[in-house]
Amino acid sequence: MRPVTERDIRTSFVNCSKGEAKRLGVPKDLADLPWEDLDFLGWRDPGAPGRAYLLAEREGPLVGIALRVTSGASRGFTARSMCSLCLTMHTSGGVTLMTARRTGEAGRQGNSVGQYLCTDLACSLYTRGKKEAAGGGAIDESLTLEEKVARTRANLYSFLDKVVG
Ligand SMILES: [Zn+2]
């Protein structure tokens, strides 16, 4: 995706209030991020452990999604779970259930969408083999890099559709 500024981020959120978008913690190292390897920018709020954010560029406009991190019960150290975006297998703690409030009337009625995501939101880097999951790893498959990237993006867009749709 193209590099974005703090202002781009704060004006892109679709499922939280303007005040919340103004206050949320943005990554400090925006200029140094590997933008060409990112399908989306995902980060945990440095000042609020229960919050995470995802910023995607979809055919031009940026879409920012605020997420609640569900700490939940651990399934034990040996349990492995899979991220629903990049399909990377992680051991306990590497995948977290995150929920996004839906936009519009559905959101006002309290509807949200939950997804199991890489806890560090580095799906783009796992997809490209630039980051390895501790004790987990990519599932054994014969897709090319382009096919894997296309799949991660398709999963991301279907998640965005559920939030915005
Ligand atoms: Zn992932």
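Author: Start with burial at the site. Cys118 is buried, and Cys123 is buried too. Both belong to the zinc site. The model is predicted, so every value here is computed from it.

Which residues coordinate the zinc ion? The donors are the SG atoms of Cys83, Cys86, Cys118 and Cys123. Their distances to the zinc ion run from 2.2 to 2.3 Å. Along the chain, the donors are spaced as C-x2-C-x31-C-x4-C.

What is the arrangement of the four donor atoms around the zinc ion? The angles they subtend run from 99 to 118°. The cut-off for tetrahedral asks that all angles lie between 85 and 135 degrees. The arrangement is therefore tetrahedral. For reference, the ideal angle for four tetrahedral donors is 109.5 degrees.

Next, Thr88. This residue lies in strand 5, which covers residues 88-91. Is Thr88 buried or exposed? Its relative accessible area is 6%. Buried means under 20%, so Thr88 counts as buried. Thr88 and Tyr126 are 38 residues apart along the chain. Their C-alpha atoms are separated by 7.0 Å.

Now the aromatic side chains. How many aromatic pairs does a search of the whole structure find? The search finds two.

Trp43 is in strand 1 (residues 40-44) and Tyr53 in strand 2, so the pair ties together parts that are 10 residues apart in sequence. Trp43 is buried as well, with a relative accessible area of 6%. Phe13, Trp43 and Tyr53 make up one aromatic cluster.

Finally, the fold as a whole. The protein has five helices and eight strands. From the N terminus, the order is α-α-β-β-β-β-β-β-α-β-α-β-α. The radius of gyration is 15 Å, close to the 15 Å that the globule rule gives for 165 residues, so the protein is as compact as a globular protein of that length. The C-alpha trace spans about 40 × 35 × 30 Å along its principal axes.

Two figures describe the packing. Of the 165 residues, 45% are buried. Among contacts with a separation of 6 or more, 58% join residues 24 or more positions apart. As for the surface, the accessible area of the protein is about 8,800 Å². Carbon and sulfur atoms account for 51% of that area.

Conventions: Residues numbered from 1 in each chain as written. Predicted model: local features only at pLDDT ≥ 70, side-chain atom pairs only at ≥ 80, totals over all residues. Heavy atoms only, no water. Donors = N, O, S within 2.8 Å, 3.2 Å for Na, K, Ca; no water. Tetrahedral: all angles 85-135°; square planar, octahedral: opposite > 155°, others 65-115°. Buried < 20%, exposed > 50% of the residue type's maximum accessible area, 1.4 Å probe, protein only. Phe/Tyr/Trp six-rings, centres within 6.5 Å; stacked < 30°, edge-to-face > 60°. Helix = DSSP H or I, 4+ residues; strand = E, 2+ residues; numbered from the N terminus. Rg over C-alpha atoms; globule rule 2.2 N^0.38 Å. Contact = heavy atoms within 4.5 Å. Areas by Shrake-Rupley, 256 points an atom, 1.4 Å probe, with all protein chains shown as cover.
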